[in-house]
Amino acid sequence: MGDFNLTVILDAIRRTSGGLSRVELAQIVGLSPQTISNISRRLLDQHLIVEAGKEGTGPGKPRTILRLNPSGMYAIGVHLDPAVITFVVLDLVGDVVKHSRIATPAGSNPSTVITTIADEIRMLIQDSGVDPAKVAGLGVAVPGPIDLDEGSVVDPPLLQGWNRVRIREALAQATGMETLVDKDVTSAAVAETWAGGQSGTGSFIFMYMGTGIGCGIVLNDEVIRGTSGNAGEIGHIIVDPGGPQCDCGLQGCVKSSCIPVVVVAEAEAAGILDGHRNGTEGPEVQEYFARLCDAADAGDEKAIAILDRSAVLVGRAAAVVTNTLDVERVVFGGPFWARISKYFLRRVPGIIEENSAARRIHSIEVVGTGVGEDVGAIGAACLVLEHTLAPRAQRLLLEG
């Protein structure tokens, strides 16, 4: 019970940017002043919070403000995308202390990728200057589908050779850190709730724009993972009836119509790109996709038309999900988002509005992530902070 109350107080302080006094904490969480005082002392002794000055202008004694101590705890986050692997060291308030990014190693050997990740983590911690003893753990965001209980990647479409790879176990052994694994789109949604500001509140979907396209779901401030941790797989929503054949047997799915490798192929067929790709490896697709965006930014009308069409198709998929879940916001992000944001933000809001079943009742906001380009890795690190610090019903269970 004591641990649960401790996390309740930590969570209340975390959610208030300016910090809280002990009196305000007692009012918010409903615990006695003595309990608040005792737990505050424990948190101060553990260096998880600090006393950050006094406030008070009226009669009576000024109140001491309690805030999270940024250097009290750290978490490592890794985002494995088929094109790029992103790493961050996150402090207790969700700020990035250090980050790095490398191209995902080519080929289909998971052990090579896992070794590369472990080596990069060691260098990142060393370069950050963070005391390794203060690192609470490692979070890893991976493409779905996943086996959440097993901590494994289960044959994702764009990572060849990754069939039931127990990445959680492998990285825990390689780094010596407690490791958590979640889907990339879910991790991105977690990051938005922790560090996205206003865009991460209430009910929203996070449209993840990477080598693949997926959707993270947050309803009433709660991240929704589904029965097996695989909520948000939108690849087989039909957005272009009569469009390209999908491997599911249908035509015009998201997966066959508007993911980057398909968009790049369209640009090659239109003569915008040279068409000399060796295959569909993530880093190469990312490079060619960047060239397409360069052409569009330079005013190439054919390139602009291709990106605009992609925005329309993705907007249709987002509209299906917003109608299904009745959310108030669509948040876009992911490793490819920065290059396409201006094209999507001028097309998608109108599509969402036009197709909204509840448009006469409420509007749906469409925004870019408040977290930034590293949202997947930040979300992975937030998984560790959430697991360590957030109030959970399991903490109420008594041993014995």
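Predicted model: local features only at pLDDT ≥ 70, side-chain atom pairs only at ≥ 80, totals over all residues.
Let's start with the bigger picture. In soluble globular proteins, nonpolar side chains tend to be buried together. Here, the largest nonpolar core has 50 residues. If you want to find the residues with the most contacts inside it, look for M207, I213, L292, L307, F332 and F344.

Which elements give two or more residues to this core? On the strand side, they are β12 (204-209), β13 (213-219) and β15 (329-333). On the helix side, they are α8 (260-269), α9 (282-297), α10 (301-325), α11 (337-345) and α12 (348-355). The largest share comes from α10, with 10 residues.

Now zoom in on L307. Setting aside its neighbours within four places in sequence, L307 is in contact with V263, F289, L292, C293, A296, I340, Y343 and F344. Apart from this core lies another one, of 44 residues, and I49, M73, F206 and L383 are among them.

Next, turn to a pair of helices, α4 (residues 110-128) and α5 (residues 167-175). How do they sit relative to each other? Their axes come within 10 Å and cross at roughly 45°, so α4 and α5 are oblique to each other. The crossing is right-handed.

Where they meet, α4 brings I114, I117, A118, I121 and R122, while α5 brings I167, A170, L171, A174 and T175. Sorted by type, the residues of this contact come to 8 nonpolar, 1 polar and 1 charged.

Conventions. Residues numbered from 1 in each chain as written. Heavy atoms only, no water. Axes fitted to C-alpha atoms, helices over the stretch in contact; angles between N-to-C directions. Helix = DSSP H or I, 4+ residues; strand = E, 2+ residues; numbered from the N terminus. Parallel < 35°, antiparallel > 145°, perpendicular 65-115°, else oblique. Left-handed = near helix turned anticlockwise from the far one by under 90°. Contact = heavy atoms within 4.5 Å. Nonpolar A, V, L, I, M, F, W, Y, C, P; charged D, E, K, R; others polar. Core = buried A, V, L, I, M, F, W, Y, C linked by side-chain atoms within 4.5 Å. Buried < 20%, exposed > 50% of the residue type's maximum accessible area, 1.4 Å probe, protein only.
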